[in-house]
Amino acid sequence: MDDTQIKEMVRTRYGGIAEAADTSCCAPATSCCGDAAPGTPEGKSRQMGYSDAELAAVPDGANLGLGCGNPQAIAALRPGEVVIDLGSGAGFDCFLAAQQVGAKGHVIGVDMTHEMLKKARENAAKIGAGNVEFRLGELEHLPVADNTADAILSNCVINLVPDKEQVFREAFRVLKPGGRLAISDVVNNAPLPAELKADTALLCGCVAGAAPIAQVEAWLSAAGFVEVRVTPRPESRDLIATWAPGKGIEDFVVSATVEARKPDKSR
């Protein structure tokens, strides 16, 4: 499949999840960052590192259990900051970030799926989240001005994008000087066998699109980032195994935290 076909498949898949409809667009409905894996969204999120307090702090329906980690844990968000969430889904991480940055801060969620945006906006209305907005857009072409954000979050989404290098260039563009990345994503820790790499279910299931750690580091550095750190989380193995039971994907991919900073030339 070409890049356009992959993106349309992912868009259809996640649109279906947002509507709680049949999620079989990518063949077996056992991938998609755990959308059909055993357990509730709350249980999956606890495995990813979210606390009970964080889970209780968002409106019902915001947490779909689709991530692979907790970017909030490494973001160190502060009151008054501007935050962008890449692939914001139903708004889970956006609402948590909004509480941290407060009324003087601002959170922008970007998602390419109309159904997810609708769900996120409905969730925002439930709690009167005036410091959060959701924008339609692709991560390779963010609908955000240059030098806007203090921090960028993302949770298990960039691996779904065919042109990841362009995503990092866009992230660099929209960050303020000194701004930082706080990302949870899936990376390769061993080459995927050909049959897994070609599996359409795994293409939109946060597996077949994963890149090697060294490649992610190289893309970030090429985009201009400094203090680049990609840190695998071995404890994610059990969670990842539930995404495609019996296929052994946990031997080839792992959840990782991705951190980097845009240089501040004034320092």
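Author: A polar contact is a pair of N or O atoms within 3.5 Å; within protein, one must be able to donate a hydrogen and the other to accept it, and residues adjacent in sequence count only if both atoms are side-chain atoms. The spot to start from is Gln 72: a polar atom of its side chain lies 2.8 Å from the backbone oxygen of Asp 93.

This is a predicted model, in which local features need pLDDT of at least 70, side-chain atom pairs count only at pLDDT 80 or more, and totals for chains, interfaces and linings use all residues. Residues are numbered from 1 along each chain as its sequence is written, and side-chain values use heavy atoms, with hydrogens and water left out.

Gln 72 belongs to helix 4, residues 72-75 (helices, H or I with at least four residues, and strands, E with at least two, are DSSP runs numbered from the N terminus). With a relative accessible area of 5%, Gln 72 is buried (buried is under 20% relative accessible area, exposed over 50%, partly exposed in between, with a 1.4 Å probe and protein chains only). Setting aside neighbours within four places in sequence, Gln 72 is in contact with Tyr 50, Glu 54, Leu 77, Asp 93, Leu 96, Ala 97, Gln 100 and Leu 153 (contact means heavy atoms within 4.5 Å).

Two of these partners lead onward. Asp 93 is one of the buried residues of helix 5, as are Phe 92, Cys 94, Phe 95, Leu 96, Ala 97, Ala 98 and Val 101. Because 8 of the 10 residues of helix 5 (residues 92-101) are buried, this helix is largely enclosed by the rest of the structure. Directly after helix 5 comes Gly 102, with a positive phi near 75 degrees.

Leu 153 stands opposite Ala 182 of strand 5, and the pairing of strand 4 with strand 5 (residues 175-188) is parallel, over 6 bridges (two strands pair if DSSP finds at least two bridges between them). Strand 4 covers residues 149-155 and is mostly covered, with 7 of its 7 residues buried. Strand 1 (residues 82-86) also runs parallel to strand 4, and 4 bridges join the two. In that pairing, Val 83 has Ala 151 of strand 4 as its bridge partner.

From strand 4 the chain also makes a right-handed β-α-β unit with helix 7 (residues 164-174) and strand 5 (right-handed means that, with the strands pointing away from the viewer, the path from the first strand over the helix to the second runs clockwise). Asn 147 is not a glycine, yet its phi is positive, about 55 degrees. With a relative accessible area of 41%, Asn 147 is partly exposed.

Next is the side of strand 1 that involves strand 2. Strand 1 and strand 2 are parallel, paired over 5 bridges, and the bridge partner of Leu 86 in strand 2 is Val 110. Here helix 5 returns: the chain crosses from strand 1 through helix 5 to strand 2, in a right-handed β-α-β crossover. Strand 2 (residues 106-111) is mostly covered, since 5 of its 6 residues are buried.

Strand 2 pairs with strand 3 as well, again in the parallel sense and over 5 bridges. Within this pair, Gly 109 stands opposite Phe 134 of strand 3. The link from strand 2 to strand 3 passes through helix 6 (residues 114-127), and this β-α-β crossover is right-handed.

Asp 93 is a buried residue of helix 5, and Leu 153 faces Ala 182 in strand 5.
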